[in-house]
Amino acid sequence: MEFSINSGSPEKQRTACVVVGVFESRKLSAAAETINRAAHGYLANLMRRGDMEGKAGSTLLLQKLPGVAADRVLLVGLGKEREFRENEYRAAVATAVRTLNQIGGFDGTLFLTELPMKKRDAAWRVRQAALVAEETLYRFDRMKSKKDDVRRPLRKLAFCVARRSELAAAEHGLAEGRAIAASMTFMKDLANLPGNVCTPAYLAEQARTLAKELDLKAEVLGRAEMEKLGMHTLLAVAQGSHQPPQLIVLQYRGGKKDEKPVVLVGKGVTFDTGGISLKPPADMDEMKFDMSGAASVLATLKAAALMKLPLNLVAIVPAVENMPGGNATRPGDIVTSMSGQTVEILNTDAEGRLILCDALTYAERFDPACVIDVATLTGACVIALGHVVSGLLANDDGLARELLDAGNASWDRAWQLPLLDDYQEQLKSNFADLANIGGRAAGTITAAAFLSRFAKKYDWAHLDIAGTAYRSGKEKGSTGRPVPLLTHFLLARAATKKAK
């Protein structure tokens with residue numbers, strides 16, 4: 001998709017279609033009112049006749065309006081003006097882009113980005129519009145013998161701002177939106193691949209390709225190197241699979257040489273059967289998405305490199321396949337982590353924390369400014385928070401607040417859960433330093449409590465994206481989350497650094 005910024009008047013746009021908004025009270029947006037005057041009250045007459053009531057999600061396509069240079073004008077319903085917020089704005093942009101693509105408009109000019117929103121400037125509106133447009137048009141048909149065909153797909157989209165003074169901010173927002181959207185697409189493409197294609201070795205190869213394209217540093221550790229480091233919890237998960245485990249380390253150096261990096265750790269279980277603690281067969285195909293944490297941290301480094309952020313970043317991806325087999329880990333087995341702590345594996349389907357704990361210990365060698373791990377870790381998080389927000393737990397309230405703020409800014413929201421020492425009681429084992437599960441109660445919290453035992457030497461946060469990383473049912477597929485949250489977190493850190 002080709003994006004651009006425009007500040008011209010809507011009736012003068014020589015384009016296939018101009019998009020303007022209408023509120024439910026039959027109130028025209030500023031751009032729609034300008035077109036109405038140019039067309040001698042044409043839109044007002046439509047409102048009076050009830051042809052367009054402005055309900056959210058509604059559209060009306062008009063051809064060859066008098067006084068308007070564009071071939072067509074698309075009216076998009078915005079709902080009630082007093083209730084028009086971030087979610088309604090994103091939904092209106094999605095409706096507009098979807099309709100433009102369906103009607104065969106090669107290009108369009110979107111005046112929805114002019115709509116005033118409290119505390120949201122032109123940069124935010126344009127950034128979000130670019131993200132929503134790419135998300136709306138995204139299709140994954142790589143594995144199909146016949147590709148999805150659109151007669152005349154939408155290829156060019158101009159975002160308009162009300163004042164020329166907003167152009168610089170809009171251009172900046174668009175540049176960020178392009179980078180984040182491209183990175184979300186990278187994550188989706190990885191996560192949507194089947195487990196027989198996207199193996200640990202494939203993930204490692206994608207990291208190496210990113211490194212070549214964006215001048216990053218990539219390193220991949222194999223089984224022998226991990227054994228030498230004592231990563232026995234990570235290796236225990238991979239025992240039942242023929243796919244060799246990989247520890248992927250990708251580095252972006254945008255800051256000063258001696259500046260501490262932000263370290264992102266992503267769970268990379270490329271397929272999760274549950275191992276000996278086998279999952280139920282229904283919906284097990286979705287366990288190809290269990291590497292969404294890995295895909296998200298690799299994508300975030302891509303976004304940072306594209307935006308040339310003045311930060312140092314490290315992505316660590318423990319990549320494995322969790323399979324049953326004659327050599328698979330058994331419930332009751334005890335293994336020693338890289339940290340030296342012993343773990344009793346009571347459930348082999350609680351494997352994510354086993355690979356992450358060794359990766360969190362490995363992160364210490366980078367002397368990090370902070371560490372954030374990202375994982376589709378617990379079904380309990382889906383029960384607690386559904387598919388709207390990601391779970392957030394942290395050992396530092398300042399870091400948690402940064403992530404919450406980034407989630408709100410990006411509209412990729414999270415919700416903080418408590419991480420009290422009391423929950424450690426549930427992880428006690430009669431035979432090892434700790435068990436890898438703590439029972440049904442507070443499953444998301446006890447999973448984070450387990451990880452916290454390996455993250456004591458730095459500020460650390462954990463994002464449980466089990467409910468937000470992908471969709472099920474008819475719309476099955478990766479969402480690209482939490483790439484927007486993570487990139488906005490980094491943007492905020494870069495802005496703070498610049499202000500100093």
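## A buried helix

In helix α10, the residues G352, R353, L354, I355, L356, C357, D358, A359, L360, T361 and Y362 are buried, that is, under 20% relative accessible area, where exposed means over 50% and partly exposed lies in between (1.4 Å probe, protein chains only). Because 11 of the 11 residues of α10 (residues 352-362) are buried, this helix is largely enclosed by the rest of the structure. Helices (H or I, at least four residues) and strands (E, at least two) are DSSP runs, numbered from the N terminus.

The model is predicted: local features need pLDDT of at least 70, side-chain atom pairs count only at pLDDT 80 or more, and totals for chains, interfaces and linings use all residues. Residues are numbered from 1 along each chain as its sequence is written, and side-chain values use heavy atoms, with hydrogens and water left out.

## Residue V265

V265 lies in strand β9 (residues 262-266). Its relative accessibility is 0%, so V265 counts as buried. Apart from neighbours within four places in sequence, V265 is in contact (heavy atoms within 4.5 Å) with V297, I316, P318, L356, A359, L360, V371, I372, D373 and V374.

The axes of helix α3 (residues 86-102) and helix α4 (residues 122-137) come within 9 Å and cross at roughly 45 degrees. That makes α3 oblique to α4; angles under 35 degrees count as roughly parallel, over 145 as roughly antiparallel, 65 to 115 as roughly perpendicular and the rest as oblique. Axes are lines fitted to C-alpha atoms, for helices over the stretch in contact, and angles run from 0 to 180 degrees between N-to-C directions.

On the α3 side, the contact is made by E86, Y89, R90, V93, A94, V97, R98 and N101. On the α4 side, the residues include W124, R125, V126 and Q128.

## Strands and their partners

Strand β1 (residues 2-6) has a covered face, formed by F3 and I5, and an uncovered one, formed by E2, S4 and N6. In a regular strand, the side chains alternate between the two faces of the sheet. β1 pairs with strand β6 (residues 156-160) in the parallel sense over 5 bridges; two strands pair if DSSP finds at least two bridges between them. The bridge partner of N6 in β6 is C160.

Elsewhere, 3 strands form an open sheet of mixed pairing, in the order β12-β13-β17. Its edge strands, β12 (333-336) and β17 (434-435), each pair on one side only. Strand β13 (residues 342-345) pairs with β17 in the parallel sense over 2 bridges, and the bridge partner of V343 in β17 is L434.
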